[in-house]
Amino acid sequence: ITQQIDTVIVSVFLTHGETAHYRVASQAATLTWFGMQILQTISAPYFARFHHRGDKRSLARLFRWTTLLATASAAPVLLIFIFFGRPLIDFTFGPEFEGAQPMMVVLSIGYLVNVMCGPVGSLLAMTGEERWASRAFIVMSATSVTISLVFVTLVGPLGVASGTAFGFAGYHLVLRYRTWRRLGF
């Protein structure tokens, strides 16, 4: 539900065309997060293993390397979207969707913040902090929906993109803080 609520908000409050633009932007922006998804899937079992062994040094090293590699994969995607987003959308979806580019950039910035925080969700889940992470997720999801509902009438789909980006970036920033407080890195 939380992965689609932004699109639902746009579709309820705005036109079909704006919804189509938002959907293009939303789907394209997930490319910014793609490297982290892969690396997180690979690193999660090792987080659990290192935590179980009490090997905090290896845990911290894996976390840092995963974060660095994911950021190195995400930053170029955002730059491509900023400088070549319109022609890329034109080539992929057609010129009528070029208006999706600003939303794609805003959402990609939110994803880049996530990536730069590292794989904090899986790290906390693998080290016994899943309940805390779940509570943070609920609070940040509600915040994201609230911001999106307020901004959809003021700014349109770009407002929803801003609320959504704030929500998932904020969630990962909160988890990053918890990781630092709990694990010291």
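Contact here means heavy atoms within 4.5 Å of each other. The views below come from a predicted model.

View 1. L14 sits in the loop between α1 (5–13) and α2 (16–29). Setting aside neighbours within four places in sequence, its contacts are T19, V152, G156 and P157. For a sense of scale, T32 is 18 residues away from L14 in sequence, and the two C-alpha atoms are 26 Å apart in space.

**View 2. Helix α3, with a bend at S43.** This helix covers residues 34–53, so to speak, and its 20 residues reach 30 Å from first C-alpha to last, close to the 28 Å expected at 1.5 Å a residue. There is still a bend of about 35° at S43, with the proline P45 following within four residues. S43 is also buried, along with G35, M36, A44, F47 and F50. Cover for the buried residues of α3 includes α4, α5 (101–117) and α6 (120–126). After the helix comes G54, with a positive phi near 80°.

**View 3. Helix α4, kinked at F84.** Look at F84 for a kink of about 85°, shortly before the proline P87. G94 follows α4, and its phi is positive too, near 115°.

**View 4. A nonpolar patch on the surface.** L79, I80, I82, F83, F84 and L88 make up this patch, with about 590 Å² of accessible area together. One of its members, I82, belongs to helix α4 (residues 56–93). I82 counts as partly exposed because its relative accessible area is 36%, between the 20% and 50% cut-offs.

**View 5. E129 and its two arginines.** The model has two salt bridges. In one, R178 pairs with E129, the closest N and O atoms being 2.8 Å apart. R178 lies in helix α8 (residues 157–183) and E129 in the loop between α6 and α7 (130–155), so this pair ties together parts 49 residues apart in sequence. E129 also meets R182 in a salt bridge, at 2.5 Å from N to O. Shared partners join E129, R178 and R182 into one network.

**View 6. Buried or exposed: how do E129, R178 and R182 sit?** E129 is buried, at 9% relative accessible area. R178 is partly exposed at 25%, and R182 is partly exposed at 36%.

Notes:
Residues numbered from 1 in each chain as written. Predicted model: local features only at pLDDT ≥ 70, side-chain atom pairs only at ≥ 80, totals over all residues. Heavy atoms only, no water. Patch = residues over 30% accessible without salt bridge, like charges linked within 9 Å, V, L, I, M, F, W, Y side chains within 5 Å. Areas by Shrake-Rupley, 256 points an atom, 1.4 Å probe, with all protein chains shown as cover. Salt bridge = Lys/Arg side-chain N within 4 Å of Asp/Glu carboxyl O. Buried < 20%, exposed > 50% of the residue type's maximum accessible area, 1.4 Å probe, protein only. Expected span 1.5 Å × (residues − 1). Bend = angle between axes of the 7 residues up to and from the residue.
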